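Hi everyone, thanks for making time this morning. Let me put the model up on the screen, and then we can walk through it together.

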Amino acid sequence: MKAMILDAPGGLDRLRLVDRPDPGVPGPGMIRVRLHATSLNYHDYGVVSGNMPTQDGRVPMSDGAGIVEAIGEGVTDFDMGDAVVSCFFPEWHEGPARVGDFATVPGDGIDGYAREAVIAPATAFTRTPKGYDHAEAATITTAGLTAWRSLVVDGGLKAGDRVLVLGTGGVSIWALQIAKLMGASVAVTSSSDAKLEQARALGADYTVNYREQEQWGRPVHDWADGGVDHVIEVGGPATLAQSIEAVRIGGHIGLIGVLTGVSGQVPTAALMAKQARLQGLIVGSRRMQRDFVRALDASDIRPVIDRRFALEELADAFRHQESGGHFGKIVATW
């Protein structure tokens, strides 16, 4: 089979397409999946760029979608021919958060899904949303589930809530779509007026260009008539103070990303005064993903895909991600 591997110490020029032995037939509790798509995430970029070192020859990519080709003894969740999508934490099936590192995450601690076929435990996958193609399905594993968990599982999102999403990347656009599905109003930030126009076309109720309005927290707070109920905080230290300014007293900030750095000052007095909950999170469990898929099955949401690349073009796909010009998700298909 064909597989993309990453030579140590990492870097986009160290991604190579190679031939690997066929994985064979699945044993008890396992399934064989013919993979057809993956989607790019900030975490994947951290691995392939070498900023998050991994084992030499690692197969990258945490998201994988395809078709079940064979099932092992005892597997009851799937039949041959089922369309499936991977789980970010294959060993976190349900319950509260149990994993605080990436040792078991495909594409980082173990081989990922930039390959043609894989044998894995059946519990490492769920069914895909009805009607989704493989590329669309691959976007739910990391970005989609992160947005779902922050808003619905951790935040208890309900109709009439006001949500702030930072930027227009994969998690943020998924959050916009989920929030609108649930009957919430949404504010979106971006440095691009063109992207803000795209966000409005998806239902954004309020937009602000943070290049033109660096202190955007107060305008968002005022738009929400006393602060937003939820913030999808993907920026990190350089944006957190404005997110705290924007949130309502007793609101919820989902700390998801570190786009502006991995450490920095937290305005503790402001956070205390807001009595807001600052919730760190990394994706979610298989149970959360199954619930998310059921919600998508009952809706007409389709993920926003900015551009599709071939597997052998994976380095170019990451270069497109590096440019910051994308809106929504970038995927690779084969």
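Let's begin with a salt bridge, meaning a side-chain nitrogen of Lys or Arg within 4 Å of a carboxyl oxygen of Asp or Glu. Asp-161 makes one with Lys-158, and the closest N and O atoms are 3.1 Å apart. Asp-161 has a relative accessible area of 4%, so this residue is buried. For that word I use under 20% relative accessible area, with over 50% as exposed and partly exposed in between, using a 1.4 Å probe and protein chains only.

A quick note on what you are looking at: this is a predicted model, where local features need pLDDT of at least 70 and side-chain atom pairs count only at pLDDT 80 or more, while totals for chains, interfaces and linings use all residues. Residues are numbered from 1 along each chain as its sequence is written, and side-chain values use heavy atoms, with hydrogens and water left out.

Back to the charges. As a reminder, side chains of opposite charge can pair when their charged atoms come close. The structure holds 20 salt bridges. Another one joins Arg-308 to Asp-133, with 3.2 Å between the closest N and O atoms. Arg-308 sits in strand E14 (residues 305-310) and Asp-133 in the loop between E7 and helix H2 (134-138), so this pair ties together parts that are 175 residues apart in sequence. Helices here are DSSP runs of H or I with at least four residues, strands are runs of E with at least two, and both are numbered from the N terminus. Both partners are partly exposed: Arg-308 at 43% relative accessibility, and Asp-133 at 30%.

Arg-218 and Asp-222 give us a local pair, with their closest N and O atoms 3.5 Å apart. The two are four residues apart in helix H6 (residues 217-223), which means about one helical turn separates them. Arg-218 is partly exposed at 38%, and so is Asp-222 at 47%. There is also a network of salt bridges that links Asp-22, Arg-32, Arg-34 and Glu-69.

Now please look at helix H9. Which of its residues are buried? They are Arg-286, Met-288, Gln-289, Phe-292, Val-293 and Leu-296. These cover an arc of only 150° around the axis, which puts them on the same side of H9; the arc is that of the directions from the helix axis to the C-beta atoms. Their cover includes strand E5 (83-86), strand E7 (125-127), helix H3 (140-154) and helix H4 (170-181).

Next, Met-61, in the loop between helix H1 (42-48) and strand E4 (65-71). Met-61 has 0% relative accessibility, so it counts as buried. Beyond its neighbours within four places in sequence, Met-61 has contacts (heavy atoms within 4.5 Å) that include Ser-39, Pro-106, Tyr-113, Leu-314 and Phe-318. Ser-39 is 22 residues from Met-61 in sequence, with 7.6 Å between their C-alpha atoms.

Finally, the whole chain. There are 10 helices and 15 strands, and buried residues make up 54% of the 334 residues. Of the contacts between residues at least 6 apart in sequence, 69% join residues at least 24 apart. The C-alpha atoms fill a box of roughly 60 × 40 × 35 Å along the principal axes.

That's my tour, and I'm happy to take your questions.
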